[in-house]
Amino acid sequence: MSQTFEDCVSSFCICCEDIGLDCNCIMYGNSGEKVVDMTIIHMFEYHAINQDEMTTCMRIKIKENIHIHSHSDCLSRPNCTIS
């Protein structure tokens, strides 16, 4: 799953570790819905969690942990690739 520069400078993000997974991946998007969709895809591709197997609790946790993104937030993460 690749993300464009526009995704990375958008307004919303979520860190995989914020939803309880041992993973430092960060998903970015220009809407909360896009971030939710990308997170669900990431969870399937990298953590073998099928969308049909996700609990309501997991879905709520994703929505509750979407942050409004600023570049300074990204710079505090070790895997930031924006310069």
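**Exercise 1. What percentage of the 83 residues in the chain do buried residues make up?**

*Solution.* The structure is a predicted model, in which local features need pLDDT of at least 70, side-chain atom pairs count only at pLDDT 80 or more, and totals for chains, interfaces and linings use all residues. Residues are numbered from 1 along each chain as its sequence is written, and side-chain values use heavy atoms, with hydrogens and water left out.

Step 1. A residue is buried under 20% relative accessible area, exposed over 50%, and partly exposed in between (1.4 Å probe, protein chains only).
Step 2. By this criterion, buried residues make up 36% of the chain.

**Exercise 2. Describe helix α2 and identify its buried residues.**

*Solution.* 
Step 1. α2 has 16 residues and reaches 21 Å from its first C-alpha to its last, close to the expected 22 Å. The expected span is 1.5 Å times one less than the number of residues.
Step 2. Val35, Val36, Met38, Thr39, Ile40, His42 and Met43 are the buried residues of α2. Their cover includes β1, β2 and α3 (56-64).
Step 3. Ala48 follows α2 and has a positive phi, near 55°.

**Exercise 3. Which residues of the largest nonpolar core touch the most other members?**

*Solution.* 
Step 1. A nonpolar core is a set of buried Ala, Val, Leu, Ile, Met, Phe, Trp, Tyr and Cys residues joined through side-chain atoms within 4.5 Å.
Step 2. The largest core has 15 residues, of which Ile14, Ile19, Leu21, Met43, Met54 and Ile62 touch the most other members. Helix α2 (residues 32-47) gives the most to this core, with five residues.
Step 3. Contact means heavy atoms within 4.5 Å. Leaving aside neighbours within four places in sequence, Ile62 is in contact with Ile14, Ile19, Val36, Thr39, Ile40, Met43 and Met54.

Notes: Helix = DSSP H or I, 4+ residues; strand = E, 2+ residues; numbered from the N terminus.
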